[in-house]
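I opened this structure and kept notes as I went. Here are my entries.

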Amino acid sequence: MPQGRPHLPGGARARDLTPPPICERPADPFDEVIGDSPPMIKAKATARRLAGVEVPVLLTGPTGTGKEVFARAIHRASAVGQGAFVAVNCGALARDLLATELFGYAEGAFTGARKGGMAGKFEAAHDGTLFLDEIGEMPAELQAHLLRVLEQGAVVRVGEAHERPVRVRLIAATHRDLPAEVAAGRFRADLYFRIAVTAITLPPLAERGPDIARLACHFAASAARRHGLVRHPPADEALARLATHDWPGNVRELRNVIEQATILTLADRIEAADLPATIGGGHVLRPQPAETAVSLDEAEVQAILAAATETGWNLAATARRLGIAKSTLYEKLRRHGIRRPGG
């Protein structure tokens with residue numbers, strides 16, 4: 001197989017896909033949102049226009065489509081782009097904890113409250129952007145409190161009575177059909193109309209065609225750096241298989257597949273054989289049962305043990321086979337508690 005870099009749709013080459021260092025970020029924050037497929041071009045064009053006006057933005061679309069990536073780009077391109085970007089997942093916190101996270105609390109508001117109280121995320125995002133992810137999961141009683149803060153431009157900490165002025169750019173996101181949630185009585189209509197002044201729907205990965213290869217190369221490069229590996233962009237055959245998958249988990253699923261393949265491959269690039277058997281041919285990747293799922297740490301251990309066994313536990317040769325420095329291999333052996341058999 002030729003060892004040259006794989007060609008991607010539109011004449012782009014894999015070497016162009018590694019994101020620039022933070023110190024060399026492009027002037028247009030949306031250039032960092034990977035994707036040139038027609039639905040992504042449309043979504044980015046809309047986001048660019050909305051970034052310049054001070055209105056709430058609602059990001060919708062299936063789970064795993066990259067809503068926070070879009071939210072961060074909108075923030076950086078906005079008038080408050082130099083301020084803080086504060087993200088809160090409304091579906092990941094219990095009701096009482098979400099209230100204190102968002103609005104803060106006063107000293108003595110409850111048992112265990114911090115002396116002096118604590119500022120909430122609204123105050124932390126003052127003169128910046130507050131990103132409320134999975135806002136469709138917010139409990140009904142907190143929806144009313146949130147609406148009041150947005151309408152009044154002021155927050156009242158839990159256990160206090162006086163208002164604290166806040167000025168934030170609000171971006172919300174959800175995978176739910178909020179109009180249907182409103183009709184069912186699970187989401188307040190007045191809050192929906194307040195946060196959905198403008199909306200952008202992000203497309204599922206299966207509808208993004210050539211973006212799949214670009215994202216795969218980006219994730220492979222990122223995973224290699226993170227794990228101290230030397231890897232070239234995925235082979236053409238691997239990219240072709242990725243392009244035929246349905247991707248029910250969208251960009252998040254692709255990222256996880258690429259990261260595991262980057263760790264497990266013993267070659268210097270991801271080959272088609274390194275991908276799960278369920279990837280390609282239109283098959284849907286089903287989640288593994290919890291008792292059989294392989295974590296990334298376990299995958300790394302398996303790759304190290306396989307390489308060490310093949311080299312007779314010659315650690316210099318093992319490091320070369322894995323494409324990492326010998327010092328990196330020693331650190332991984334120590335971290336995972338791996339020892340030579342009989343050693």
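The model is predicted, so local features need pLDDT of at least 70 and side-chain atom pairs count only at pLDDT 80 or more, while totals for chains, interfaces and linings use all residues. Residues are numbered from 1 along each chain as its sequence is written, and side-chain values use heavy atoms, leaving out hydrogens and water.

R48 sits in helix α1; helices are DSSP runs (H or I) of at least four residues, strands (E) of at least two, numbered from the N terminus. I listed what R48 touches (heavy atoms within 4.5 Å). Not counting residues up to four places away in sequence, R48 touches D28, F30 and D31. D28 is 20 residues from R48 along the chain, and their C-alpha atoms are separated by 9.0 Å.

Next I traced the sheet. Five strands form an open sheet in the order β2-β3-β6-β1-β7, with parallel pairing; two strands pair if DSSP finds at least two bridges between them. β2 and β7 stand at the edges with a single partner strand each, so one side of each has no neighbour in the sheet. Four bridges join β1 to β7. T60 stands opposite T201 in β7.

Then I checked α2 (residues 67–77). Its buried residues are K67, F70, A71, A73, I74 and H75. They pack against α1 and β1, among others.

Conventions. Buried < 20%, exposed > 50% of the residue type's maximum accessible area, 1.4 Å probe, protein only.
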